[in-house]
Structures are given as C-alpha cells and as structure tokens.
Amino acid sequence: MTRHEGRAPVFLSIAVSASLALTGCSASQSETGPDTDDTSEHISAFWVERQVRVLTLDRMFTEGDSGEVVENIGDERDRLFESRVVQEEGDGYTVELDEDEWDTTINLSRIDSALNDAMYHNEVTWCGDVVTGEEFVDAYIDEYEGTLNAHDAYEASVTDYVDCGTGEP
C-alpha cells in the first residue's frame, strides 16, 4: 500500500463529478436549437460560413457557366457530389440549398473543406470588383460573424449580401 493510495478514489470522484456536471450542461445546450422560443440562439461560426459559401456557389452557377465553376473547384469536387450539395441537372449543375437533403455521413467538416475549395478556385463577378469566392466569403464573415442572434436573421443577411446588398439585417 502506497502513501497516496487513499487519494485515488477522492480524485476519481472529483473528476467524475466534474465530468457529469459538464455533460449535464452540454446536454441542455444541445437541446436548444432554431425551433426554441429563446430570443438568442447558438449560431455556429461554421454554420454561418457554410451558408455564405453555399449561397455564393449557387450564385456562381447562376451568373456563369456552372460546368466551368465545377471544373474549377479542384481536388475536393467529388465530395460536393457525394454529399449531394452539388447535383447534375440537364446540361449543368445545381446547388442543393436545403442542408437536410445533403448526405452528411461524409462529415460536415469535409463538406466545408470542399466548399472552401470551390470558393478558392472560383470568382465572384457580379458585385462590382471581381474577387475570389474566398475573399467574398471572408469579407462577410469579418463583418457579421457573431453579430446576429438567430438563424433566420443570418439567412436573410447572407441572402442580401450574396445579392450585392450590404448584408445588414
């Protein structure tokens, strides 16, 4: 028997108690979503950036040759097709705007990476100066990330921004 043998159960019980307390907090937070009556929702920065990227990619398809945009996407292009974010339609391509229709078994972080690749390799040509999609998305994120408190407010703001507005709610 060592001199510190009695401390292991105390340390262990403290660690378990702390873990249970943290688990309880995170469980109640994860239940809070867009359908709650709270005046403030948790808005993930990744979700905001994804919204800007998806709507920008959709507009790139509308403004230009969707085939050319797809061709420019780069190495991660297949991931957008596998996840059903990008779909072939007739002689061109469309973007599925409803995230619920995506195959997210691929993992959202990998989809985000593919969307980033699409932004990096394509340009926004419809709002004045031509910039890369990445610069366009970054400008929105720099201005508005963390400023709105509801998913609906961000959706309206992003839609306005991609349509060459200010993005102000």
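Biologist: What does buried mean for a residue here?

Modeller: The model is a predicted one. Relative accessible area sets the class, and over 50% counts as exposed. Partly exposed lies in between. Buried means under 20% relative accessible area.

Biologist: Are tyrosine 140 and tyrosine 161 buried or exposed?

Modeller: The cut-off for buried is under 20% relative accessible area. Tyrosine 140 and tyrosine 161 both fall in that class: buried.

Biologist: Which kind of pair do the rings of tryptophan 126 and phenylalanine 136 form?

Modeller: A pair of aromatic rings is described by the distance of the centres and the angle of the planes. Here the centres are 6.0 Å apart. The planes stand at 65°, so the pair is edge-to-face.

Biologist: Where do tryptophan 126 and phenylalanine 136 lie?

Modeller: The pair links distant parts of the chain, ten residues apart. Tryptophan 126 sits in the loop between strand E3 and strand E4. Phenylalanine 136 is in helix H6.

Biologist: Which kind of pair do the rings of tyrosine 140 and tyrosine 161 form?

Modeller: Their ring centres are 5.1 Å apart. Planes over 60 degrees apart would count as edge-to-face, and under 30 as stacked. These planes are at 55°, so the pair is tilted.

Biologist: Which parts does the pair of tyrosine 140 and tyrosine 161 tie together?

Modeller: The two residues are 21 residues apart in sequence. Tyrosine 140 lies in helix H6 and tyrosine 161 in helix H7, so the pair ties together H6 and H7.

Biologist: Is glutamate 99 buried or partly exposed?

Modeller: Arginine 50 is buried, at 5% relative accessible area. Aspartate 112 is buried too, at 10%. Glutamate 99 has 21% relative accessibility, and the limit for buried is under 20%. Glutamate 99 therefore counts as partly exposed.

Biologist: Which helix gives the largest share of the negative patch?

Modeller: The negative surface patch includes Glu135, Asp138 and Glu145. Glutamate 145 is found in the loop between H6 and helix H7. The largest share, four residues, comes from helix H6.

Key:
Residues are numbered from 1 along each chain as its sequence is written. This is a predicted model: local features need pLDDT of at least 70, side-chain atom pairs count only at pLDDT 80 or more; totals for chains, interfaces and linings use all residues. Side-chain values use heavy atoms; hydrogens and water are left out. Patches are made of residues with over 30% relative accessible area and no salt bridge: like charges are joined within 9 Å, nonpolar side chains (Val, Leu, Ile, Met, Phe, Trp, Tyr) within 5 Å. Accessible areas come from the Shrake-Rupley method with a 1.4 Å probe; for residues, only the protein chains shown count as cover. A salt bridge is a side-chain nitrogen of Lys or Arg within 4 Å of a carboxyl oxygen of Asp or Glu. Lys and Arg count as positive and Asp and Glu as negative; His and the chain ends are not counted. The place of a charge is taken as NZ of Lys, CZ of Arg, CG of Asp or CD of Glu. Rings of Phe, Tyr and Trp (its six-membered ring) pair if their centres lie within 6.5 Å; planes under 30 degrees apart count as stacked, over 60 as edge-to-face and the rest as tilted. Buried means under 20% relative accessible area, exposed over 50%, partly exposed in between (1.4 Å probe, protein chains only).
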